[in-house]
Amino acid sequence: MSTTQVEVGGGAPYTIHIGDGLLGDATLLARHLRGRHALVVSDEHVSPLYGGAVVAALQSARPDARLATLVLPAGEAAKTFENFNRVITALADMGATRDACIHALGGGVIGDMAGFAAACWMRGIDCVQLPTSLLAMVDSSVGGKTAIDIPQGKNLVGAFHPPRAVAIDTATLRTLPPRELRAGLAEVVKYGAIIDAGFIDWLDAHADALLAMDATALSAAIARSCRHKAAITERDPLEHGERALLNFGHTFAHAIEAEQGYGAGLNHGEAVAVGMVLAAKLSARLGMATMDDATRLTTLLERLGLPVRIPGGLDADALLARMRLDKKTAADGLRFILWDGIGRARIVAGVDESAVLQLLRED
Ligand SMILES: NC(=O)c1ccc[n+]([C@@H]2O[C@H](COP(=O)([O-])OP(=O)(O)OC[C@H]3O[C@@H](n4cnc5c(N)ncnc54)[C@H](O)[C@@H]3O)[C@@H](O)[C@H]2O)c1
């Protein structure tokens, strides 16, 4: 089994392992089980497919350990206090001690929610991320951001809690619904858009291979994305500066997601695709970049089967009101991640609300 490893340095270093079949690697999965309690948290789609393999691997490597499994509903609508509480209750019920470990098996919803529970239980226990969606592999499992949603906004309650390790089993992508694969590709494109113009060239050349689930192309895209996320989060773990670039398109995306209702309409990756196009267009309107760059990004996202316009029925004023509540909004008004062109994103504070409103109304 050939694996790629990406190291994430900084105060709480960890390794991202990327390979085909890693969920069967008992030694790797059990390596970070310091104590005797392991809780595998997954969702109702992923658990029947891979939960058994993970539990069997942990059991064979650590027959002395007490293992429990918690299966939660799937999807963004499940990223709630109620389900967070179920993870905490499962830890309490098994008598989990400070050296317990959560294995978060699933997409970004499970990773964020289980990771947040790991951050909170006894003020922080270990969490091993086992991402099974492309989006979770290239983005949410790396970097230590954990959260749940509340009706007022997405990810408003959470913590920074880096994982002990990330094990990306690329074989799990074979069961991922095509729409979810495309959602993950939106976050892959994001790395090119913000800091790696060469990656956009590569994605232009490999779009068909990625959509056809070519294993070599997918592994290359995952590794390149993870290297970017690792480098950025290592330099700026708490998002005091550069890390905010990873939110390119997200101010728009989070407003769209909140406004349409979690779990309805566009999923996160799709909303990010629309948001990136809006950010690129806003950059052009503000004279920072050319419209040609916005068009190139739009064309690539469309080729990847992603939406590029705000869904009908969403009110521009309501979206703007949501953006004012966004975590990236500071005292100095609306703050966006915009770009000076492909691969050159930067933080722009005090963006004129009327320009944003006009863009939202016209889209
Ligand atoms: N923490 C971070 O830094 C960060 C970054 C980006 C996104 N996120 C969060 O990630 C979430 C989105 O993650 P997501 O797109 O993975 O959504 P998700 O977790 O809802 O997964 C998408 C769907 O795919 C299913 N699925 C996952 N893997 C599968 C597989 N291998 N086979 C079959 N079905 C599978 C899931 O059950 C679900 O129905 C959002 O809540 C977003 O806020 C967090």
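**Close-up views of a cavity and the ligand shell**

**View 1. Lining of the second largest cavity.** G111, D112, Q129, S140, S141, G144, K145, T146, H161 and P163 line the second largest cavity. Two or more of the lining residues come from each of α4 and β7 (145-150); helices (H or I, at least four residues) and strands (E, at least two) are DSSP runs, numbered from the N terminus. The model is predicted: local features need pLDDT of at least 70, side-chain atom pairs count only at pLDDT 80 or more, and totals for chains, interfaces and linings use all residues. Residues are numbered from 1 along each chain as its sequence is written, and side-chain values use heavy atoms, without hydrogens and water.

**View 2. Volume and make-up of the second largest cavity.** This cavity holds about 40 Å³ of space. A cavity is a set of points, on a 1 Å grid over the protein atoms alone, where a 1.4 Å probe fits but cannot get out; lining residues have an atom within 4 Å of a point. The lining divides into 1 nonpolar, 7 polar and 2 charged residues, with Gly counted as polar.

View 3. The side chain of D43 has an N or O atom 2.7 Å from a ligand oxygen, and a polar side-chain atom of S133 is 2.5 Å from an oxygen atom of the ligand. At T172, a polar backbone atom lies 2.9 Å from a ligand nitrogen. A polar contact here is a pair of N or O atoms within 3.5 Å.

**View 4. Shell around the ligand.** The shell comprises 8 nonpolar, 11 polar and 9 charged residues. At least two shell residues come from each of α2 (46-61), α4 (108-120), α5 (134-140) and β8 (153-160).

Definitions and conventions. Polar contact = N/O pair within 3.5 Å; in protein donor to acceptor, adjacent residues only side chain to side chain. 1 Å grid on protein atoms, 1.4 Å probe; cavity = no way out; pocket = protein on both sides within 12 Å on 5 of 7 lines; lining within 4 Å. Points joined across faces, edges and corners; volume = space filled by probe spheres on them.
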